[in-house]
Amino acid sequence: MKILFYIYSLGQRGGMEHVTIAKANALVQLPECEVGIAIADSKGFPENIIQPLSTDVRVFDLNTPFLDHPAKSPIGFLGKMNSLRKSLQHTIDTWHPDIVISTGQIDRYVFPFLKQTSPEYVKIREHHFASTYKLIEDIALNGKAGWLRRIAYRFDSHILFRFFDFNAFLTHEDYENNAPKGDVRFGYVHNPSTATSNHATSAPRDKIILAAGRMTLQKDFASLIRIWAKVQHKNGWILRILGEGELHEELSELVATLGLGQEVQLPGFSTDVAAEMSRASLFAATSKWEGLPLVQVEAMACGCPVISYRTPYGPADVIRNGVDGILITLGDEQKFADTLQHLINHPDEIKRMSSKASERAEHFSINRITNIWMEKYESLLSHKRNPKHK
């Protein structure tokens, strides 16, 4: 079976690139699979790649960059999209993949115009974010979703999906809330985590509540800092937030304003987040929206239970509430603070959740998710090429 992923670039260091490489590396190890990745822009590849890519994975440079060379007019933009379509079509026509996968970026508007080959191939669209995240982002920024955003979402969710054989939501919660009921062209498959439980330890942990991510509106670390200010009896515990971003200075000012200079650390980017997670006792997440928060899975793999807002959509797929972590109603800062205070006062509950957290992380292992995808690929391909099922 030949499997072709399309992603804009492998020279960017993001979650989508990380997951695509992880899946490609796992799939190419299977004796029945050949794997390729088509990229529009080779800038930063391979020198800036986020993790090693197997030499057995074939990379197709479509040489159609458009983000660093934006079109000067709508007609110019359509021309760039057509160039991308032609290059991707040529790759399909010459390599003859059985499965062609869109990572759900702007290429999703190109895939409907790709021609079928003989034998036919399966078109799959992956969601790497919450399906409604653009609407949620608009509401977070402006108080409501703009009419253009609403039209784009309706086009995406009511028309575009028809051009794909399978539309893969990232979480069960998103699928249940936003996929058409009973339509077999929809389903959900979690992204895999490459984290292992090797970092989980029974050694005593530091009195640290850890958080990590880009310092942006989405992650809403300001909420977490305000929550920490509401915890009255910290008993020597520290809130430690890893990451960089445009809000770093603003968050530093908030820490100072609330008088938390000795109780909150903002050390910046960490080169060994797993080691940080293995030292910490708890991981906290206050995002306004998420896809599947793999950083929470990574924390759990290190035996670090997660306390998270029940953000649309993702944490509820990761955390079993009260078993290996705790879910808090989105925006309820007082409840979040009360939960942290309770756990600080009852470390035995943290220890109980810690052992369950590392077990839960195995649900998202690369081997398990690869097997799920292979079963899906085989089923879709059989349905596509077997006339009895048409």
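**Entry 1: a residue in a loop**

Is Asn 235 buried, partly exposed or exposed? I looked it up in this structure, keeping in mind that I am working with a predicted model. Asn 235 is found in the loop between helix H6 and strand S9 (238-242), and its relative accessible area of 47% makes it partly exposed, because only a value over 50% would count as exposed. I also read its backbone angle, and phi of Asn 235 is near 55°, a positive value in a residue that is not glycine. I noted this because most residues other than glycine have a negative phi.

I then turned to Asp 220, which lies in the loop between strand S8 and helix H6 (221-230). Asp 220 is not a glycine either, and its phi is positive, at about 50°.

**Entry 2: cis peptide bonds**

Phe 45 and Pro 46 are joined by a cis peptide bond with omega of about 5°, and Pro 46 has its place in the loop between strand S2 (34-41) and strand S3 (58-61). I found another cis bond running from Pro 312 to Tyr 313, where omega is near -20°. Tyr 313 belongs to the loop between strand S12 and helix H10 (315-318).

**Entry 3: the loop between S2 and S3**

I stayed with the loop that holds Pro 46 and looked up Ile 49, whose place is also in the loop between S2 and S3. Ile 49 counts as buried, at 16% relative accessibility. Which residues is Ile 49 in contact with, leaving aside its neighbours within four places in sequence? I found Leu 10, Arg 13, Ile 21 and Gly 44. I also checked Ile 49 against His 18: they are 31 residues apart along the chain, and their C-alpha atoms are separated by 8.8 Å.

Gln 51 sits in the loop between S2 and S3 as well, and with a relative accessible area of 17% it is buried. Apart from neighbours within four places in sequence, Gln 51 is in contact with His 18, Ile 21 and Ala 22.

I traced an open sheet of seven strands, in which the order is S3-S2-S1-S4-S5-S6-S7 and the pairing is parallel. S3 and strand S7 (186-188) stand at the edges with a single partner strand each, so one side of each has no neighbour in the sheet. On average, neighbouring strands here are turned by 25° against each other, direction ignored. As an example of pairing I took strand S5 (residues 122-126) and strand S6 (residues 166-169), which run parallel and are joined by three bridges; Ile 124 stands opposite Phe 166 in S6.

Helix H1 (residues 15-28) packs on this sheet, where it touches strand S1 (2-9), S2 and S5, and its direction makes about 160° with that of S1. Helix H13 (residues 366-385) lies across S1, strand S4 (99-102), S5 and S6, and it runs at about 140° to S5.

**Entry 4: the sheet of six strands**

I then followed an open sheet of six strands, again with parallel pairing, in the order S10-S9-S8-S11-S12-S13. Its edge strands are S10 (264-268) and S13 (325-328), each of which pairs on one side only. Neighbouring strands of this sheet are turned by 20° against each other on average, direction ignored. How many bridges join strand S8 (residues 208-212) to strand S11 (residues 282-285)? I counted two, and the strands run parallel; Leu 210 has Phe 283 in S11 as its bridge partner. Helix H11 (residues 333-345) lies across S8, S11, S12 (306-309) and S13, running at about 170° to S12.

**Entry 5: helix H12**

Last, I checked the length of helix H12 (residues 347-361): its 15 residues should span 21 Å at 1.5 Å a residue, and the end C-alpha atoms are 21 Å apart, which agrees. Its buried residues include Ile 350, Met 353 and Ala 357. The buried residues of H12 pack against S11, helix H9 (294-301), H10, S13 and H11.

Notes: Residues numbered from 1 in each chain as written. Predicted model: local features only at pLDDT ≥ 70, side-chain atom pairs only at ≥ 80, totals over all residues. Heavy atoms only, no water. Pairing = 2+ DSSP bridges. Helix = DSSP H or I, 4+ residues; strand = E, 2+ residues; numbered from the N terminus. Axes fitted to C-alpha atoms, helices over the stretch in contact; angles between N-to-C directions. Contact = heavy atoms within 4.5 Å. Buried < 20%, exposed > 50% of the residue type's maximum accessible area, 1.4 Å probe, protein only. Expected span 1.5 Å × (residues − 1).
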